[in-house]
Each structure stands twice: as structure tokens, then as C-alpha cells.
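Colleague: I have some questions about how the terms are applied here. Please set each value against its definition.

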Amino acid sequence: MPSNDLPASMPKGRGPIHLVVPHRPGADHGQLRARLEGLAPLQSNAVQWHVPAQRAGIVQAAEEAALAAQADGGLVVAAGGDGTINAVATAAWKHQVRMGVIPVGTFNYFAREQSLSLDPEQAANDILAAMDSGDARPVSVGFVNERMFLVNASVGLYPRLLEERELASRRFGRSRWVAIVSAVWSFFRPASARRWRVALRQHRVADPTREEFFASTLFVGNNPLQLERLGIPQAQDVADGDRLAVLLLKPQGRAATARTVWNAAVGQLARDEAVISLACAEMVVEPTWRPHRVKVAFDGEREWMAPPLRFRVEERPLWLVAPTATARDDDPAAEGAVPVADPPPAAVPEGAPVAVPGLAAG
């Protein structure tokens, strides 16, 4: 477990806020910016906006914001969904600066796990209060090769699912239901299974065990809340902060697939015969068919990576500025706050998660 003491190199107290906002087309961007500019807490503090000219520019915008926060002792803040949070967290971790989050995503798994308010104004208030009191918490981060993930990473079915969801969104518009229906449709389509050679360490100091698995999807989770809702017992291992949960989905027919989807929906995935789940601190995955590259999804983003794929928990944590005296909100009242934090129905931020293995994104 990482230490709960903020490193001496990181400033305490208030400083400029470097706000990273994802690119959104036309009126949608105007609505989001107006809503954020109208937040009273942000009006009371120096704020520098970092908005990319196009969606793909979010990584560069996050990098520039983190460097600016490093230079002036400020705080880099992500205002978006899990994909935006991933980009900002990567830059904040790399440059060892503090980070805050104003959740304006669809499902907000990271924010929910970290007990962050889903109301933007309250979230901004909490950030300023935490800066004043010096509250910051260490957050365990996972990596696949050189890419960080806070919620999950996967190979197999899910990267294809993301591509098909994007096509559906362009045709039918960006909404939560379009994302879900597209994901379920992709899940039921035939998917080729592959054989993966896996070397796994249950703990950092343990010797690796090696095995081959025949699976359509290999899913690695770093978000206890998402794993609990799926009914995965390794959620507690992840909550302890030093391990990742691994799910392997065996190939199966449509009837069995329907049963798996149902088990995931009711939080009973551990009882599904098609699912293998385990926990590890590090895992090296190599496809036996020896491709030059493998498509990997992480927190809703996609990238081609050269195998072998190394999944691991980093020893150095991400530092999140947030009130320390909070408990995770899973009650119905907390759920009722979602519409306040969500964007207008016409927009689903990158990385909107769906709670089915191979569908659950960050």
C-alpha cells in the first residue's frame, strides 16, 4: 500500500487551477464551458483553461496543464469522463503534480470509487476545501506497457466493441442508450477466441506462474466499485491497492453469452462458468500466434501495442486532491446526482463504461 503522506516535493495549500476540458463539437462545447465558468468556486480562484482543438489533442492539453501546474505550484483538474481523467492522471503522475476531478462523464466510475461528488459545483468546492486543508490521497495506478489505466484495460473483444460503438454514435447520436445497445449487440456477435500465454505474479516478490488460456477477452480491472458491481471477488484485492483483477472470458455460443450478460447485470459474474477471475500484481501476456501488434483498450481509449503486454501496479501513486473524510456513495441518493453531473443527452464522453466483461470501460 502506498504511503498516505503527500511527498514533500508537492506544494500544499491553494494555487492556480489548470482546468483540462475535452474537445466537444459546436454547441455542446459551449454548454459545457458555460456550465463550468458558472461554478462559483472556480470564479473565486485563478483558473487557466486547457482545451484541445480536437478530440485527439486531450493528451497534449493534459501534458501542458501538468507542466504549468508543476511550474507555478498549482493543481491540474480534469473536467470530463474517465477518458479525460485518464489523460490528465497520466500527465499528473508523470510530472508528480497534484490532481483534482470535476466529474462530468456518463458513468463516472473513477469519481464514484473515490467518493467524489457528482455535482460539478460541489466537486469544485471540495477541491478548494481540500487544497486549503492539505487533503490529498494516494491512488493506485495500473499500467499496460507504457499506458496508464485507472479503471480497466483489455484485449480481445472490447477494442472491437469500442470501434463499433463509435460508428453507432455517429449514426444515431451520442447517448447512454446508444452506447449500451451498441455494446450489447457487439457482445452477441460472433467473436474469435485466441490462445494467450500468461506469466503472472500474484505479489511483487513472488515467482511468476505460467499458463495458457483460450479466451475471447482478457480484461484487467483497477476499479473496485466496477468489479464489485460485476460480482468479482477480487475487488477487495484491488481495493487494498497493490493488485489488479484479471478476468478471462471463454468462447461460447449465444445462449451461454446471454447467461453471462445476465450474470454480469445482476452482479453474479463469479458464478459464471465461462469466466475465470484471479488477482495479480503483475502479468505478462503474449499471444501465441505472434502478431506484430495487438489492439489494447484502456479506460475507453484504444491503441496498437507490440507484444508482450505487461500489466502491472506501479509503486508510486497518483495524488488526488479531495476531502479525506468521505465514504464511497453507493446509495440511491448518490445515484440521483448523476443527471446533474452528466452532459446533455446528445453527448457521451469518451470511455463511458458498461458493466459487462469486455463491455466495461472506463
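Colleague: How many helices and strands does the secondary structure of the protein chain come to?

Modeller: The chain comes to 13 helices and 18 strands. Helices (H or I, at least four residues) and strands (E, at least two) are DSSP runs, numbered from the N terminus. This is a predicted model, in which local features need pLDDT of at least 70, side-chain atom pairs count only at pLDDT 80 or more, and totals for chains, interfaces and linings use all residues. Residues are numbered from 1 along each chain as its sequence is written, and side-chain values use heavy atoms, with hydrogens and water left out.

Colleague: Why does His95 count as buried?

Modeller: Buried means under 20% relative accessible area, exposed over 50%, partly exposed in between (1.4 Å probe, protein chains only). His95 has 12% relative accessibility, so it counts as buried. Of the 362 residues of the chain, 56% count as buried.

Colleague: Where is His95 found, and which residues is it in contact with, leaving aside neighbours within four places in sequence?

Modeller: His95 is found in helix α4, residues 82-95. Contact means heavy atoms within 4.5 Å. With those neighbours left aside, His95 is in contact with Glu63, Ala66, Leu67 and Gln70.

Colleague: What makes strand β3 mostly covered?

Modeller: Six of its six residues, 75-80, are buried. In a regular strand the side chains alternate between the two faces of the sheet. In β3, Leu75, Val77 and Ala79 lie on one side, with Val76, Ala78 and Gly80 on the other, and all are buried.

Colleague: How do you know that β3 pairs with β1 and with β4?

Modeller: Two strands pair if DSSP finds at least two bridges between them. Four bridges join β1 (residues 17-20) to β3, in parallel. Five join β3 to β4 (residues 99-103), also running parallel. Both sets meet the cut-off, so both count as pairs. His18 has Val76 as its bridge partner in β3. Val76 stands opposite Met99 in β4.

Colleague: What is the hand of the crossover from β3 through α4 to β4?

Modeller: This β-α-β crossover is right-handed. The term applies if, with the strands pointing away from the viewer, the path from the first strand over the helix to the second runs clockwise.

Colleague: What makes β13 and β16 edge strands?

Modeller: Six strands form an open sheet in the order β13-β12-β11-β8-β15-β16, with antiparallel pairing. The edge strands, β13 (275-280) and β16 (301-305), each pair on one side only. For β16, five antiparallel bridges link it with β15 (residues 294-298). There, Val294 stands opposite Met305.
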